[in-house]
Amino acid sequence: MNLQDIGFVPHNDMTNDDASIVTRHDRLMKWRKYGDATIFLNAAGYKKGFRASLFNYIQARMQMLELYFLNEYLAHEDEFFSFSEPTAQQMEGKLFWIQLYE
């Protein structure tokens with residue numbers, strides 16, 4: 001994931017040339033062939049709209065922000081919040097590990 005993956009071009013500027021690409025992509029999405037739909041868009045060189053990688057990036061950033069606020073403002077001095085088992089260094093001075101569900 002890099003900054004180039006975040007670019008967004010709205011679909012309302014679709015040209016006649018894009019109609020067949022969008023139609024085929026919609027058909028693949030309705031058939032729940034999400035990987036094939038992404039491969040098709042990349043092969044066609046279609047740069048408009050969002051990709052799943054952007055949503056995955058946003059989700060990861062939200063989880064990191066959630067952990068920051070939990071550990072910084074909500075946790076007592078002997079508690080540590082995380083999604084996975086913390087290292088010994090992270091647990092230094094802590095007594096309780098609180099695992100969050102993803």
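Modeller: Ser82 touches Leu67, Trp97, Ile98, Gln99 and Leu100, leaving out residues up to four places away in sequence, where contact means heavy atoms within 4.5 Å. This is a predicted model, in which local features need pLDDT of at least 70 and side-chain atom pairs count only at pLDDT 80 or more, while totals for chains, interfaces and linings use all residues. Residues are numbered from 1 along each chain as its sequence is written, and side-chain values use heavy atoms, with hydrogens and water left out.

Colleague: Which side chain does the side chain of Ser82 make a polar contact with?

Modeller: That of Trp97, at 2.8 Å; a polar contact is a pair of N or O atoms within 3.5 Å, and within protein one must be able to donate a hydrogen and the other to accept it, with residues adjacent in sequence counting only if both atoms are side-chain atoms.

Colleague: Is Ser82 buried or exposed?

Modeller: Ser82 counts as buried because its relative accessible area is 8%, and buried means under 20%, exposed over 50% and partly exposed in between, with a 1.4 Å probe and protein chains only.

Colleague: Changing topic, what is Asp18 in contact with?

Modeller: Leaving aside neighbours within four places in sequence, Asp18 is in contact with Tyr46 and Lys48, and Asp18 is buried, with a relative accessible area of 10%.

Colleague: And Met62, buried or exposed?

Modeller: Met62 counts as exposed because its relative accessibility is 55%.
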